[in-house]
Amino acid sequence: MRLQGKVAIVTGAVGDAGEAQARLFAREGAAVLLTDIRESEGRSLAADIAGLKNHTASFCTLDVTDEDAWGFAIKECVTRFGNLNVLVNNAGVIQSEPLLEITDQEWERVMAVNTKGVFLGTKHAIPAMKNAGGGSIINISSTSGLLAGGRGAAYGTSKGAIRTFTKYAAVQYSNDGIRSNSVHPGPFESEMIADILRSTVDKEASIARSPMGRLGKVEDVAYAALFLASDDSSYMTGSELVVDGGMTAQ
Ligand SMILES: NC(=O)c1ccc[n+]([C@@H]2O[C@H](COP(=O)([O-])OP(=O)(O)OC[C@H]3O[C@@H](n4cnc5c(N)ncnc54)[C@H](O)[C@@H]3O)[C@@H](O)[C@H]2O)c1
């Protein structure tokens, strides 16, 4: 068990990738605090995981854009599970209009969830991780944070900012035993891009960009997060783990 004795928070845990991370982390021995804005689904998912043999999980409502809610969630985590060792900043929202069609409000919304949410989570997790003697922060960015596309400038910018922010946290807190790394998935099957994948043309275009000839799966991202959460990656901080079937290698 790769996460035995560790306590983890996953944001956006009701979403497809977040659920896969929460299930895998709990299976690998972590006590997992699932968080999301979708309260009733979150509670039943956490109860489902907690009902499995040797699994520990609980739920706390958390809007990642709300600083007070972060303070509450971290406190809840330490009260329920005694510590905080791992934070996966996974919650995110998509944006796919062309640049000139992005409204001021849409830009602010995407930045608030995807970028400010990661900043607030990191800011509030670090003191708890210091108390725990160290920790691992995993920020789910995207290949859109590495390379530009024809649409989604706000989304890509928000994910590029995460990449840089991750390195600041890594440099400033490595002396405290806190590691911070970003994960950059290519497109994977999930509710977030379901509309895009419903179009056969767009789906085939996405698949065609991958040398492996397939889209990603939520498990591909979850195993990358597991590696970064575990002590197997203890010499990695400030790094970018790309999980895209070779899409950005070409
Ligand atoms: N799906 C893809 O192709 C893809 C590719 C690269 C990166 N990503 C990233 O992976 C992460 C997970 O995406 P997914 O595909 O599972 O999406 P998803 O839409 O299935 O899940 C996202 C979750 O985030 C939650 N959320 C939204 N706003 C929130 C807020 N303010 N506070 C807390 N939670 C909030 C939603 O309720 C949802 O449960 C995201 O950061 C996304 O940008 C996705």
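The lining of the largest cavity divides into four nonpolar residues, four polar ones and no charged ones. Here Ala, Val, Leu, Ile, Met, Phe, Trp, Tyr, Cys and Pro count as nonpolar, Asp, Glu, Lys and Arg as charged, and the others, Gly among them, as polar. The residues in question are Thr 11, Val 64, Asn 89, Asn 90, Ala 91, Val 113, Gly 117 and Val 118. Helix α4 (residues 104–131) gives the largest share of this lining, with three residues.

A search of the whole structure finds one cavity of 30 Å³ or more, and the largest cavity holds about 30 Å³ of space. A cavity is a set of points, on a 1 Å grid over the protein atoms alone, where a 1.4 Å probe fits but cannot get out; lining residues have an atom within 4 Å of a point. Grid points are joined across faces, edges and corners, and the volume is the space filled by probe spheres set on the points.

## How to read this model

This is a predicted model, in which local features need pLDDT of at least 70 and side-chain atom pairs count only at pLDDT 80 or more, while totals for chains, interfaces and linings use all residues. Residues are numbered from 1 along each chain as its sequence is written, and side-chain values use heavy atoms, with hydrogens and water left out.

## The whole chain

What is the protein chain built from? It has eight helices and seven strands. These are DSSP runs numbered from the N terminus: helices are H or I with at least four residues, and strands are E with at least two. Along the principal axes, the C-alpha atoms fill a box of roughly 50 × 35 × 35 Å. A compact globule of 250 residues would have a radius of gyration near 18 Å, and the protein chain has 17 Å, which agrees. That radius is taken over C-alpha atoms, and the globule rule is 2.2 Å times the number of residues to the power 0.38.

Buried residues make up 50% of the 250 residues. Buried means under 20% relative accessible area, exposed means over 50%, and partly exposed is in between (1.4 Å probe, protein chains only). Among contacts between residues at least 6 apart in sequence, 73% join residues at least 24 apart; a contact means heavy atoms within 4.5 Å.

## Helix α8 and its cover

Helix α8 (residues 218–229) has 12 residues, which at 1.5 Å a residue should span 16 Å; its end C-alpha atoms are 16 Å apart, which agrees. The expected span is 1.5 Å times one less than the number of residues.

Which residues of α8 are buried? They are Val 218, Val 221, Ala 222, Ala 224, Ala 225, Leu 226, Leu 228 and Ala 229. Their cover includes α1 (16–27), β4 (86–89), β5 (135–140), β6 (178–185) and β7 (240–243).

Ile 137 sits in strand β5 and is buried, with a relative accessible area of 0%. Not counting residues up to four places away in sequence, Ile 137 touches Leu 87, Asn 89, Thr 122, Ile 126, Met 129, Ile 178, Arg 179, Ser 180 and Asn 181.

One of those partners, Ile 126, belongs to helix α4. Ile 126 is buried too, at 7% relative accessible area. Leaving aside neighbours within four places, Ile 126 is in contact with Ile 137, Tyr 173 and Ile 178. The C-alpha atoms of Ile 126 and Ile 178 are separated by 7.6 Å, although these residues are 52 apart along the chain.

Asn 54 lies in the loop between α2 (39–50) and β3 (56–61). Is Asn 54 buried or exposed? It counts as exposed, because its relative accessibility is 64%. Asn 54 is not glycine, yet its phi is positive, near 60 degrees. Most residues other than glycine have a negative phi.

Glu 101, in the loop between β4 and α4, is exposed at 53% relative accessibility. Glu 101 and Thr 79 are 22 residues apart in sequence and 45 Å apart in space, C-alpha to C-alpha. Glu 41, found in helix α2, is partly exposed at 39%. Its C-alpha atom is separated by 6.8 Å from that of Val 14, 27 residues away along the chain.

Conventions. 1 Å grid on protein atoms, 1.4 Å probe; cavity = no way out; pocket = protein on both sides within 12 Å on 5 of 7 lines; lining within 4 Å.
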